[in-house]
Amino acid sequence: MLRAIVEGLLDFVWPPRTQCLLCREPRPGAPLACPACMEEIGFDPTASRCANCTRPIESDRGLCADCEEGPVYGVVFALGAHQGALREAVHHLKFGDRPELAQLLGNRLADRVTVPHDGIVPVPLHPSRLRERGYNQAGLIARAISAGRGIPVWESHLRRVRRTGHQAKLQRDSRLHNLDGAFAVEAAVTPPWSDKRVLLVDDVLTTGATAAAVAEVLYKSGARSVDLAVLAVSTTPVRGKLKTSH
Ligand SMILES: [Zn+2]
Ligand SMILES: [Zn+2]
């Protein structure tokens, strides 16, 4: 606590950043994150991951149980696992008032998206949480991807109508229930994603309950397809039976 206060004060009196934001190594003149941290962001090439959603699976290659059943959203694009430098970056982006990280990471994420989309929809924040944080991190990531891919962000037709509490504290089943009716589309007009290919954007994919709830609303309101782009995917192996290659 005291350390955080002191560091906060140092940040304030020394605006030119001399430390990497993620590892705190001194990096005179470096922007936000040092090259070593940016290099570290990614997936362990030796780990087994779901071929569709990129989340870790316990053994062999193939699809996780969720993707085998067919998730509401389609292909998932991600920068890496939610650990190390990337976890630190996501934390700063969500809780540390560092919106500029969205640009840095969103630019990279744009390069990972390998199929065409017509527009981008960020997962909305509830208005009260938006007031607390001052920005929607998913919206900022969406804008960086938009600039990289040359497609629009459709941010104003979808709303989070219910504050859903802290998802991380809930088990998967209660999370799904917790999101019932959490998102809604403005009813008066045809949404811009009608008959279009949508790239849904969020910060982290954990159980997929939030992304599934939004994707369902997008499909019900006319989206032709919905893929998902996230900065990071959970490091916890996806539960349930696993489809293996033998
Ligand atoms: Zn660093
Ligand atoms: Zn999967």
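Strand E5, helix H9 (residues 209–220) and strand E6 together form a right-handed β-α-β unit, where helices (H or I, at least four residues) and strands (E, at least two) are DSSP runs numbered from the N terminus, and where right-handed says that, with the strands pointing away from the viewer, the path from the first strand over the helix to the second runs clockwise. This is a predicted model, in which local features need pLDDT of at least 70 and side-chain atom pairs count only at pLDDT 80 or more, while totals for chains, interfaces and linings use all residues. Residues are numbered from 1 along each chain as its sequence is written, and chains are lettered from A and ligands numbered from 1 in the order in which they are written.

The chain has 9 helices and 6 strands, and its average pLDDT, the predictor's confidence in each residue on a scale from 0 to 100, is 85, with 82% of the residues scoring at least 70. Over residues 240–246, however, pLDDT stays under 50, and for this stretch the model has 18 contacts beyond four places in sequence, a contact being two residues whose C-beta atoms, placed from the backbone, lie within 7 Å.

E6 is mostly covered, since 7 of its 9 residues are buried; a residue is buried if 20 or more other C-beta atoms lie within 10 Å of its own, exposed if 12 or fewer, and partly exposed in between, with C-beta atoms placed from the backbone.

Leu205 belongs to strand E5, which covers residues 197–205, and Leu205 counts as buried because 23 other C-beta atoms lie within 10 Å. Leaving aside neighbours within four places in sequence, Leu205 is in contact with Cys53, Arg55, Val76, Ala78, Ala211, Leu228, Val230, Val233 and Ser234. Of these, Val233 is 28 residues away in sequence, yet the two C-alpha atoms are 4.7 Å apart in space. For the chain as a whole, 72% of the contacts between residues at least 6 apart in sequence join residues at least 24 apart, and buried residues make up 38% of the 246 residues.

Helix H4 (residues 84–95) also packs against this sheet region: its buried residues are Ala85, Leu86, Glu88, Ala89, Val90 and Leu93, and they pack against helix H2 (35–40), strand E1 (76–81), helix H5 (100–112), helix H7 (137–149), E5 and strand E6 (225–233). H4 has 12 residues and reaches 16 Å from its first C-alpha to its last, close to the 16 Å expected at 1.5 Å a residue, the expected span being 1.5 Å times one less than the number of residues.

Backbone angles deserve a separate look. Most residues other than glycine have a negative phi. Asp97, which follows H4, has a positive phi near 55°. Arg24, in the loop between helix H1 (2–13) and H2, has a positive phi near 65°, and Arg24 is exposed because it has 11 C-beta neighbours inside 10 Å. Asp195, in the loop between strand E4 (183–185) and E5, has a positive phi of about 60° although it is not a glycine, and Asp195 is exposed, with 9 other C-beta atoms within 10 Å.
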